[in-house]
Amino acid sequence: MRAVLKLGVWWLLAVAMPLMAQPAVELATDSGQPPLLLVERSGERSEAADVRVVIDVSGSMRSNDPDQLAASALELLVALLPHGIHGGIWTFGESVDNPLPVSPVDAEWRQQALALRPALVDYQLFTDIEAAVRDASGDADNGTRHLILLTDGMIDLPAAGQDKAARDAASRRTLSDELTPRLAEEGVVIHAVAFSADADLALVELLGQRSGGLAALAESPDELLRAFLDIFDRIFPGDRVPLEEGRFSIDDQVESFSALLFHDPDSPPLTLIGPDGQRYSRDDHPDDVRWQSEPRFDLITVPSPAEGEWRVEGPISLDSRISVASTLTLRSAELPATLYQGFEVPIEAWLDLDGEILPSPAWPDDLRLRAELQDLEGNVQSATRLAVDEQRFRGVLPAPALTGNARLIIDADSVRFQRQRVQAVNVLPAIAAEVDEAVSQVSLHAEHPRLSVDNTQIHAELQGETLEVEALDERQWQIALPSLPDDTRLPLLLSATVTLDDQRLELSLPRLVLNPQARIGVDAALRDGARLEAEALEASAAEEPEPLPEPDLAERLVSAINQLPRQAQALWRDTLPRLERAGDELGLDAEQSLRWGAGLAAALIALLVLGGWSRSRRRPARREDPHV
């Protein structure tokens with residue numbers, strides 16, 4: 001495993017070094033072309049003009065980061081930071097140091113940052129995350145500050161004549177419950193990346209949750225790159241165009257596009273094919289097209305691209321993306337970094353042309369906007385169509401049912417153009433639960449910021465009997481467990497009734513398995529409800545899942561479509577906007593349009609199922625081991 005990580009570190013360096021070795025790291029090169037990987041995000045850059053990197057150099061990082069991913073992370077971050085923003089670098093262990101104070105990012109800044117790599121292995125004995133966050137978040141002159149915290153996430157303070165465990169716990173509470181919320185009010189956003197599954201993942205998650213940032217676990221170079229791209233997409237939001245089955249459309253408003261195409265190291269070379277059939281490759285492309293080819297990805301920048309459908313020839317992964325610089329952009333109200341199980345998500349979006357809201361008379365007649373929540377495999381977990389509200393589009397995304405890492409996507413689609421906004425999000429349970437077998441009790445904590453003992457009633461049932469739930473403080477509850485047989489695994493059923501804004505919500509909480517020998521579910525295993533398991537949405541662990549309410553028509557269709565092969569899914573996605581437009585012409589609303597198409601969808605599903613059944617009779621059965 002360590003050898004694989006070392007190879008991956010060299011790959012990260014291969015990513016960063018070409019970008020740092022040439023002016024391409026700047027947002028404008030001598031030729032005036034947009035740089036590799038980064039596409040200029042017009043006026044949105046100034047909204048996030050202060051990025052501060054805070055790197056753990058404590059002794060625990062020696063074992064939790066043996067291959068020095070933190071040092072490679074620094075080099076990658078230096079390559080990615082746009083020219084002209086403000087940036088600074090801190091290191092911390094027992095003490096906090098600021099070897100590179102906040103200043104404008106330019107060539108000299110990058111050289112100074114790269115010179116800090118040896119200091120990242122000058123390990124210190126202890127880990128004072130609270131002091132690091134406090135020091136690095138100071139100086140509010142630059143407005144919003146984004147802290148990128150790279151750590152193993154374990155607070156470890158010297159005893160200093162006190163009970164060490166109590167001192168560590170007090171620092172943790174101060175950081176998560178007092179300092180982080182206060183900094184969030186001052187405009188500080190913390191994005192936390194942990195380098196080990198043995199870290200305090202709950203703390204890493206809380207820092208992101210309570211400040212509006214992202215949290216991720218990165219145990220490999222691939223996960224590290226994904227985490228950084230997610231963070232930079234949130235700090236520097238920009239437009240994409242959908243990439244489906246290797247195809248994407250470029251309209252006449254696009255000034256340039258950058259294709260970041262991930263692939264396996266042993267994959268054949270990729271070919272980019274323009275609307276006129278012209279073929280581009282890493283060895284054969286026009287001088288104004290820049291192509292960087294690496295073992296795991298290709299970066300291609302095309303200025304003044306031809307209008308029409310472009311194609312990628314060759315296998316690429318789901319993380320691939322097409323970013324565009326355009327006078328026509330898709331904007332949205334701020335999208336939350338944390339969503340909560342059982343709670344709907346309001347969405348607001350609009351089109352912008354040269355810095356002004358595009359008025360509705362200028363919209364294409366077939367313009368449609370949709371919002372989707374997808375897992376990291378591209379499966380749609382929930383979706384909604386956004387309705388016209390004066391010059392904007394609004395809608396409510398159905399409550400997520402699963403927890404973990406996900407993508408919140410807003411699509412603007414018409415024959416004339418397509419735009420897409422993609423933001424990484426963390427999905428948490430509204431109320432986290434933890435079993436303490438030693439004292440036979442269950443502790444519950446409200447994760448959703450608006451939940452409290454005043455508006456939330458917890459229900460617990462064990463073997464058909466109701467257990468008493470005691471409120472400990474404003475946001476915590478406790479359940480005392482009866483004596484349990486040692487040889488029996490028993491599920492504890494938990495639910496909550498919430499009253500918010502004169503509305504009553506019934507929440508199904510994770511079902512916990514009670515028994516010292518039983519494997520405790522995810523929601524009980526990690527303190528404070530950490531969910532940084534595999535960067536994927538995961539259902540809560542359960543012995544026997546609670547029966548779900550009967551889904552409505554739209555949910556049943558989405559569920560059925562998710563079971564189809566990808567080609568059929570693509571066909572449905574292409575057909576749905578046309579179906580909605582046809583329904584509009586007939587005076588039908590979205591639900592009626594879906595009912596109108598239900599017969600077609602059912603026939604398609606039936607044909608595919610019959611075809612799959614027929615093929616299964618002609619081939620031997622094969623067992624596939626479960627995987628995350």
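**Questions on a predicted fold**

Biologist: At 30% relative accessibility, does Lys-164 count as buried, partly exposed or exposed?
Modeller: This is a predicted model, in which local features need pLDDT of at least 70, side-chain atom pairs count only at pLDDT 80 or more, and totals for chains, interfaces and linings use all residues. Residues are numbered from 1 along each chain as its sequence is written, and side-chain values use heavy atoms, with hydrogens and water left out. Buried means under 20% relative accessible area and exposed means over 50%, with partly exposed in between (1.4 Å probe, protein chains only). At 30%, Lys-164 is partly exposed.

Biologist: In which helix is Lys-164 found?
Modeller: Helices (H or I, at least four residues) and strands (E, at least two) are DSSP runs, numbered from the N terminus. Lys-164 touches Asp-156, Leu-157 and Ala-159, leaving aside residues up to four places away in sequence. Touching is contact, that is, heavy atoms within 4.5 Å. The helix spans residues 164-185 and is α6.

Biologist: Pro-181 is also found in helix α6. What separates the C-alpha atoms of Pro-181 and Gln-209?
Modeller: Pro-181 has 25% relative accessibility, so it counts as partly exposed. Beyond residues up to four places away in sequence, Pro-181 touches Leu-175, Ser-176 and Arg-210. Gln-209 is 28 residues from Pro-181 along the chain, and their C-alpha atoms are separated by 9.6 Å.

Biologist: What share of the protein chain's contacts with a separation of 6 or more comes from residues 24 or more positions apart?
Modeller: First, the setting: the chain has twelve helices and 32 strands. Of its 628 residues, 51% count as buried. For those contacts, the share from residues 24 or more positions apart is 71%.

Biologist: At what angle do the axes of helices α3 and α4 cross?
Modeller: Axes are lines fitted to C-alpha atoms, for helices over the stretch in contact, and angles run from 0 to 180 degrees between N-to-C directions. Helix α3 covers residues 69-80 and helix α4 covers residues 107-114. Their axes come within 10 Å and cross at roughly 175 degrees.

Biologist: Is α3 roughly parallel or roughly antiparallel to α4?
Modeller: Angles under 35 degrees count as roughly parallel, over 145 as roughly antiparallel, 65 to 115 as roughly perpendicular and the rest as oblique. The crossing angle is roughly 175 degrees. So α3 and α4 are roughly antiparallel.

Biologist: How many nonpolar residues are in the contact of α3 with α4?
Modeller: Leu-74, Glu-75, Val-78 and Ala-79 in α3 meet Trp-109, Arg-110, Ala-113 and Leu-114 in α4. Ala, Val, Leu, Ile, Met, Phe, Trp, Tyr, Cys and Pro count as nonpolar, Asp, Glu, Lys and Arg as charged, and the others, Gly among them, as polar. By class, the contact has two charged residues, no polar ones, and nonpolar residues numbering six.

Biologist: Within what arc do the buried residues of helix α5 fall?
Modeller: In α5 (residues 129-136), the residues Ile-129, Glu-130, Ala-132, Val-133 and Ala-136 are buried. Seen down the axis, they line one face of the helix, because they fall within a limited arc. The arc is that of the directions from the helix axis to the C-beta atoms. Its value is 165 degrees.

Biologist: Which residue of β14 is the bridge partner of Phe-257?
Modeller: Six bridges join β8 (residues 254-262) to β14. Six of the six residues of β14 (residues 321-326) are buried, so the strand is largely enclosed by the rest of the structure. Arg-321, Ser-323 and Ala-325 point one way, and Ile-322, Val-324 and Ser-326 the other way. The partner of Phe-257 is Val-324.

Biologist: What is the phi of Asp-502?
Modeller: Most residues other than glycine have a negative phi. Asp-502 lies in the loop between β30 and β31 and is exposed, with a relative accessible area of 81%. In the loop between β30 (490-500) and β31 (503-508) sits Asp-501, with a positive phi of about 50 degrees. For Asp-502, phi is also positive, near 65 degrees.

Terms used: Pairing = 2+ DSSP bridges.
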